[in-house]
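Reader: I would like to learn how to read a model feature by feature. Where do we begin?

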Amino acid sequence: MFRQTKAAFQKLRYVSFNRPQQTWRLSSTSAKERALQYQPGQKIHGFTVKEVVAVPDLFLTAVKLTHNKTGAQYLHTARDDSNNLFSVQFRTTPMDSTGVPHILEHTVLCGSEKYPCRDPFFKMLNRSLSTFMNAFTASDYTMYPFSTQNAKDFQNLLSVYLDAVFFPCLREQDFWQEGWRLENENPTDPNSPLVFKGVVFNEMKGHFSDNERLYAQQLQNKLYPNHTYSVVSGGEPLAIPDLTWEQLKQFHATHYHPSNARFFTYGDLPLEDHLKQIQDEALSKFERINPNTEVPSQPLWNSPREDHVTCSPDALAPDPAKQNTLCVSYLLGDITDAFEGFTLSLLSSLMISGPNSPFYKSLIEPNIGTDFSSVVGYDGSTKEASFSIGLQGMAEEDSERVKQIISQTIDHIIDNGFEEERIEALLHKVEIQMKHQSTNFGLALASYVASLWNHDGDPVDLLRISDSVAKFRQALKENPRFLQDKVKHYFKENPHRLTLSMSPDVTYLEKQAKAEEEKLQEKIQVLSDDDRKQIYEKGLELLEAQSKTQDASCLPALKVSDIAPTTPITPVQMSTAGGVPLQICEQPTNGLVYFRAMCSLNTLPEDLRLYVPLFCTVITKMGCGALDYRQQAQQMELRTGGMSVSSQVIPDSTNLDMYEQGILLYSSCLERNLPHMFQLWSDIFNSPNFDNEERLRVLVMMSAQELANSISYSGQMYAMTRAGRHLTPAGDLLETFGGMEQVTFMKRIAEMPDLSQVIRTLPRIKRHLLNPDNMRCAINTTPQRVSNAAAQLEVFMKDVAENRKERKPARANIINKPLDPLDELSPSRKVISELNFQPCPMKTYFQLPFPVNFVGECIRTVPFAHEDYASLCILGRMMTAKFLHGEIREKGGAYGGGARMGGGGLFSFYSYRDPNSVQTLSAFRKGVDWAKSGQFTQQDIDEAKLSIFSSVDSPVAPADKGMARFLSGVTDEMKQSHRERLFAVSHKNLVDVAERYLGVGQRTCGVVILGPENETIKKDPSWVVK
Ligand SMILES: [Zn+2]
């Protein structure tokens, strides 16, 4: 479904280990204690218990089992968390680049024996309260996870997942739709030219239009050239049309078998129930096979290798002359050695993370490139791990210099090692990560163990983090050169290393298009008239199947009555500290204290607003007080869980022309470090250091590069943000802070030869933003730590009192809203009111070097508190599931598309990685007509409600509780009213809001497309082309 890149999996190694909130009221019957009662050798529903291990670090009990008949493996992690997770993973090791595992991942979700309706997976999204549903194709396994807080829902989803993976229909039509097919460009016109279509075909074209992904894929293929890692598991677009339906079915039979499966469950539901259902519905129907899917070790090279690849030029790159990438990648040891993996990932952090690391100093700071290469550091997602180091955004002539720096830096590390304080800071980070609670712990855990387990390592080894930390300390004590020896062994003396460079080629896209055309002609030339006739008929059949209304009644479903009628209350206390309003939210945070401060930017001169995101990026990274930026980074790592600042645009909940603007400071720490954390903030307020131009340039380049790269990942977000620009005042500011306007602005800054003007601007912004006069704070922590945290905050406010200045707002139209809506006398937030704002329609086209389009259309509707808001939420969801998904994804071949109601009162349509552009806009309009015609059922409405509630009720981490109220002033009472309106939405309401807000003539809308050169649009004068 949503293919994870290697980089994304890499990040999952740094999972946040959270403790669920229920644990603090431990009872003797807690899930993890119940699980401790299983005995090795015990037989349960066709499985045998192999091992039971308490893992106190992560507050869980791990139970390992094996399925007797098939050898399927099972890991259960019992933990007092209601967000239960299931996942099944298969070792999928393709030997060609046809994308067979990826296309299979898609097609098994298109219907199964028990659930033969088309697309049960997408349909379940609307029949369940799942908190997560997805599927991933990695390089060597395919994983199907879901999570939910509802026991009945868990059974329903488990049933659908088991049937999908073990008993899929794998119809030929599913293969055409999801994989690839030849079809008339216009399926109803037999004379229109034949073209390639298919969801995965287009998905992978889009995927590799991103140079970072292209590079990552090439690097892996070339570092492991002997087996499955030498091919593209997701599919090389031009190899995809070599796959046949027969091959797909064969791959399923040999890989999606219990003997090649690993089951994982997590949470507080009883293990026996899971085992029984898995045994009854799936495993009992299989005999053991030998799947033969092991990945052999990569034969080692005798000498290092070099290679080169090309890519398309990046129009948004900060410096067009500097668009090369170069990195050196080293093959490391087998990942099934968990301690070695732990050591190497720590070592990797020491080598590359933060301004104190040797590679940051030697590669980033001399400003040779814009940032590290997209693949950097330790990667444990393959059987043998790798470590990569290099630069992107560099000039070709610097290649030799970069290679030299890399080898010199390695020598330098071998000679000098690492400072003890940096190692301590890193181990502190591991401690914080274990204590910090996220909401998707089960998923993080499943992903964390997936690779090692996939190659028959012991997943429980990975969970014993404290053991690894202790072992690591011991190893360092016994041998102070422990880390240096590793560097010598794995880097200096390792001949299995690859230097891969990548440079832009202006004819790249042309060549790609030509190669695709040749492949197409190759397929077409062999066709007889009869074949062509068949292709036309099959195209019509598929179109008909896609247009047919579907009977999904075979699928299990929750009912609207299964949804909790009330919003859980999150109690907060309002108080003050040092004259500043303070919201306190008592939460089971495991000893961590979370601090936030919202600072208004109402007094900031308008012409400085574009600089705010840059200010936020650099303000915690330039040094402060007596600390230079290196020391500051060190202190942050040693004393806090991170400190960050972000820009905020908060639309008012009652009026579309009102909003709050500001920046949000955020940090966390262990209680013992509170004084240190606030001291760091005080230094930032009182004496930030903005003068270091070299440091500023590094940060500017990195941030400009990151923005340029983000467009191909989330082009639809940029399209929607831009489309909303002229519709509301908040929409306008959102574009300034995070839209295409910001991308262009940062590109301009990055190109400036002299940053002194920026250096003069930053302190001006600071005077307006870091001003206690327009600030409010929030603290989330355990009840025992509240008073200490508040006292420390008081000290901080005294320390920064000098910055308190009453300043004149930049705009006259500011109104005060009480922070506590029930108490008019409570402290207030200052909201900008632009009641004279004139929304205006606009169509903008951004021509970019992508092979696919991103389309966004926004319509101005109503704010959160309006009675029609709930109907528009349901309408967006229903229109997506029942109409737009079929039109845009299934028929149009886009990777995705839909509609949704946004918090700022804008109703948005979008598509991403879309081969179409203007046609998609007409699909949006057809969606509105469909809604107005009222051709939907009560069942459709109920499904949309379930789907909306699964996001309304998605779990919130203790660190984030009470934040809607703190930031937007949305109270539990307001949420409850919204909830009741959602329940009450009727058929009539939906037709009514579609007519009143979305019908042509009723609406003011903005339209934006990001995509390749487009003749239709060029000829149409109603478009503004950028
Ligand atoms: Zn996919």
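Author: Begin with burial. A residue counts as buried under 20% relative accessible area, and as exposed over 50%. This is a predicted model. Take Gln484, which has a relative accessible area of 9% and is therefore buried.

Reader: Where does Gln484 lie, and which residues does it touch?

Author: Gln484 is in helix H18, residues 482–492. Leaving aside residues up to four places away in sequence, Gln484 touches Ile413, Ile414, Asp415, Asn416 and Gly417. One polar approach stands out by name: a polar atom of the Gln484 side chain lies 3.2 Å from the backbone oxygen of Ile414.

Reader: How confident is the prediction?

Author: pLDDT gives the predictor's confidence in each residue, from 0 to 100. Here the mean is 91, and 97% of the residues reach 70 or more. Residues 1–28 have pLDDT below 50. That stretch still has 97 contacts in the model beyond near neighbours in sequence.

Reader: Next, strands. What should I expect of the side chains?

Author: In a regular strand, side chains alternate between the two faces of the sheet. So check each face in turn. Strand E8 covers residues 141–148.

Reader: Are the faces of E8 buried or exposed?

Author: Both faces are covered. Tyr141, Met143, Pro145 and Ser147 are buried on one side. Thr142, Tyr144, Phe146 and Thr148 are buried on the other. That makes 8 of the 8 residues buried, so E8 is largely enclosed by the rest of the structure.

Reader: Which strands pair with E8, and over how many bridges?

Author: Look at each partner:
- Strand E5, residues 84–91, runs antiparallel to E8, joined by 8 bridges. Val88 stands opposite Tyr144.
- Strand E6, residues 130–133, is antiparallel to E8 too, with 3 bridges. Phe132 faces Ser147 as its opposite residue.
- Strand E7, residues 136–137, pairs with E8 over 2 bridges, again antiparallel. Phe136 has Met143 as its bridge partner.

Reader: How many residues separate E7 and E8?

Author: There are 3 residues between them, and the two strands form a hairpin.

Reader: Now aromatic rings. How do I classify a pair?

Author: Use the angle between the planes: over 60 degrees counts as edge-to-face. The model has 42 aromatic pairs. One of them is Tyr611 with Phe745, at 5.0 Å centre to centre and 85° between the planes, hence edge-to-face.

Reader: Is Glu890 buried or exposed, and which side chain does it contact?

Author: Glu890 is buried, at 7% relative accessibility. Glu890 belongs to helix H30, residues 869–891. Its side chain makes a polar contact of 2.9 Å with the side chain of Arg118. Not counting residues up to four places away in sequence, Glu890 touches Arg118, Asp119, Gln177, Gln546 and His885.

Reader: What should I check in the backbone?

Author: Most residues other than glycine have a negative phi. Asp119 has a positive phi, near 65°. Asp119 sits in the loop between helix H3 (100–107) and helix H4 (120–124), and is buried at 6% relative accessible area.

Reader: Where is Asp456, and what is its phi?

Author: Asp456 is in the loop between helix H15 (441–454) and helix H16 (459–463). Its phi is positive, about 70°. Asp456 is partly exposed, with a relative accessible area of 46%.

Methods:
Residues are numbered from 1 along each chain as its sequence is written. This is a predicted model: local features need pLDDT of at least 70, side-chain atom pairs count only at pLDDT 80 or more; totals for chains, interfaces and linings use all residues. Side-chain values use heavy atoms; hydrogens and water are left out. Contact means heavy atoms within 4.5 Å. Rings of Phe, Tyr and Trp (its six-membered ring) pair if their centres lie within 6.5 Å; planes under 30 degrees apart count as stacked, over 60 as edge-to-face and the rest as tilted. Buried means under 20% relative accessible area, exposed over 50%, partly exposed in between (1.4 Å probe, protein chains only). Helices (H or I, at least four residues) and strands (E, at least two) are DSSP runs, numbered from the N terminus. Two strands pair if DSSP finds at least two bridges between them. A polar contact is a pair of N or O atoms within 3.5 Å; within protein, one must be able to donate a hydrogen and the other to accept it, and residues adjacent in sequence count only if both atoms are side-chain atoms.
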